[in-house]
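Here's a quick briefing on a two-chain model. Have a look at the structure first, then read on.

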Protein chains: 2
Amino acid sequence: MRNVQANVCGALEALERELGSDRSFVSDAWTRPGGGGGVSRVLQDGAILEKAGVNVSEVYGELSQAFAAKLPGTGRQFYATGVSLVLHPRNPYVPTVHANFRYLEQGERRWFGGGSDLTPYYFFAEDKSHFHGVWRDVCERHHEVANYASFRDACERYFYLPHRGEVRGVGGIFFDDVEAVHGDVDREDALLAFVSAGGAAILDAYLPIVRRRMHTPWGDRERNWQLLRRGRYVEFNLLYDRGTTFGLQTGGRTESILMSLPPLVRWGYDESPSPGSPEAALLDQLRRAEPP
Amino acid sequence: MRNVQANVCGALEALERELGSDRSFVSDAWTRPGGGGGVSRVLQDGAILEKAGVNVSEVYGELSQAFAAKLPGTGRQFYATGVSLVLHPRNPYVPTVHANFRYLEQGERRWFGGGSDLTPYYFFAEDKSHFHGVWRDVCERHHEVANYASFRDACERYFYLPHRGEVRGVGGIFFDDVEAVHGDVDREDALLAFVSAGGAAILDAYLPIVRRRMHTPWGDRERNWQLLRRGRYVEFNLLYDRGTTFGLQTGGRTESILMSLPPLVRWGYDESPSPGSPEAALLDQLRRAEPP
């Protein structure tokens with residue numbers, strides 16, 4: 001998990017330097033009173049990244065009875081480790097990306113969860129296709145434990161905003177509660193290999209898209225649209241995202257949890273793009289007449 | 001309710017004209033498929049008000065079984081009417097205000113709810129004192145049904161953000177489920193009189209504060225702080241506000257419900273004001289070591 005954090009942050013800093021920015025990630029180590037802790041790394045006001053947060057954590061100890069009952073394992077002893085990141089670029093033609101990979105133990109049960117999804121402000125079929133292609137490859141290389149089609153569909157269902165009738169972005173993969181039976185060392189190894197490959201694939205999935213779009217000129221129109229769409233990101237994370245609401249409700253570190261929120265956001269009243277515009281073309285991709 | 005809307009919007013438009021702005025409220029009438037509807041009025045980009053929303057609604061019909069079971073009345077027939085407003089000023093020295101008054105019938109049961117609270121970006125004791133004074137007076141004039149001290153405490157408890165250890169603002173009044181027993185005409189009249197007085201008091205509670213602060217000069221520092229604090233407003237409304245989450249979950253009109261969100265919002269990472277600064281003085285007022 002720490003390797004993923006180091007690699008992603010290193011590559012993003014190199015990209016910032018390429019564009020003449022000297023911004024780098026600032027590290028914040030924190031400890032959890034009940035056991036464990038983590039490191040939050042944040043870069044703000046870069047040339048490419050307006051705000052980027054990459055979090056690792058490794059926490060363990062005893063769960064409250066109420067909390068333990070909500071989890072699929074047994075007993076109150078737990079161990080959890082994970083890496084999560086959200087990158088909010090400045091250029092509206094560069095999409096936002098989110099990725100998260102986690103491993104949990106509770107009693108005899110061990111399980112994995114995570115995924116990665118792409119949230120563009122303007123739709124480019126080739127970006128979606130590249131992003132999905134990388135994740136499909138990772139899943140196919142780990143087909144004993146991963147299934148691209150079902151993870152893709154789960155992503156579509158998870159990142160849905162019912163009050164908007166929209167999905168958050170153009171998807172990716174999402175998996176939850178993928179179990180490793182205790183003692184089944186082969187399956188545990190296969191899952192660990194899949195999640196490690198996932199961590200390593202984040203840059204492959206995202207950087208080529210950044211490089212393709214980062215020099216596209218933009219102005220007030222694109223910026224206004226980006227800020228409005230970022231509002232949907234906030235709405236999803238605060239209204240529906242299980243990690244966010246669960247984390248806040250169980251006394252997680254607020255600043256690390258809400259690192260995912262965009263740096264600047266706008267809410268207008270009942271704004272919708274003109275038919276036929278590039279902004280409307282994005283909505284055509286995201287709207288769902290019924291829940292996925 | 002429509003009178004309150006007309007009076008508030010009229011007074012705010014007059015104030016905008018005083019400052020040389022020609023912005024006025026735009027009206028949006030909507031109907032509810034199951035019965036009733038409402039009118040949303042919004043003013044954006046004014047000289048004083050960056051975004052103001054004033055909503056009235058009158059809806060009735062049949063509740064779903066699940067929804068009906070969550071409400072305190074009996075049966076599935078309902079009637080509800082209310083006015084709600086949120087005013088987000090541009091000048092960071094002018095506080096944001098929220099007010100909401102509603103009346104509901106379900107079967108034989110009738111009840112009232114509502115309140116008003118003030119969210120400053122900079123703390124002025126005289127503003128808090130004026131605001132609370134107006135609401136205390138309204139409650140005292142309607143003491144048969146209203147109790148300032150208990151409504152003030154309920155406001156403090158309601159507008160609390162546990163993940164921040166802060167209350168949203170400097171309070172006001174909040175009351176929920178104040179019942180009018182069917183057939184007790186005196187009590188029903190008294191409640192109606194209180195809620196009408198509440199609607200009429202919004203301008204008395206808020207406008208003197210606006211006039212006192214609207215000419216205070218401000219710059220980037222104050223603006224950045226205002227945008228950061230607006231983030232707390234969004235967090236409260238999307239994570240905790242019952243009206244917002246309930247409305248969205250039960251298929252209310254999204255744009256009218258989310259009219260309350262600020263026009264422009266910023267999320268930084270782990271920002272806190274320097275000790276002794278005016279920004280820190282606000283936090284001193286809002287922080288609570290334990291839930292109120």
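A search of the whole structure turns up 52 salt bridges over all chains, a salt bridge being a side-chain nitrogen of Lys or Arg within 4 Å of a carboxyl oxygen of Asp or Glu. Keep in mind that this is a predicted model, where local features need pLDDT of at least 70, side-chain atom pairs count only at pLDDT 80 or more, and totals for chains, interfaces and linings use all residues. Residues are numbered from 1 along each chain as its sequence is written, chains are lettered from A and ligands numbered from 1 in the order in which they are written, and side-chain values use heavy atoms, with hydrogens and water left out.

**Within the chains**

- A:Glu166 forms a salt bridge with A:Arg229, with the closest N and O atoms 3.0 Å apart.
- That pair ties together distant parts of the chain, 63 residues apart: A:Glu166 sits in strand S8 (residues 166-167) of chain A and A:Arg229 in helix H6 of chain A. Helices (H or I, at least four residues) and strands (E, at least two) are DSSP runs, numbered from the N terminus.
- Over in chain B, B:Arg221 lies in helix H6 (residues 220-239). B:Arg221 touches B:Tyr122, B:Ser277, B:Pro278 and B:Glu279, leaving aside residues up to four places away in sequence; contact means heavy atoms within 4.5 Å.
- B:Arg221 and B:Asp186 are 35 residues apart in sequence, and their C-alpha atoms are 53 Å apart in space.

**The interface**

- Chain A and chain B each put 29 residues into the contact.
- About 2,700 Å² is buried between chain A and chain B, with carbon and sulfur atoms giving 59% of that. Buried area here is the accessible area (1.4 Å probe) that two parts lose on being put together, summed over both.
- On the chain A side, A:Glu255, A:Trp267 and A:Tyr269 lose the most area to chain B, together 30% of what that side buries.

- The rule finds four salt bridges across the interface of chain A and chain B. A:Arg253 pairs with B:Asp270 in a salt bridge, the closest N and O atoms being 3.5 Å apart.
- H6(A) gives the largest share of the side of chain A that touches chain B, five residues.

- S10(A) and strand S10 (residues 264-266) of chain B run antiparallel, joined by three bridges; strands pair if DSSP finds at least two bridges between them. A:Leu264 has B:Arg266 in S10(B) as its bridge partner.
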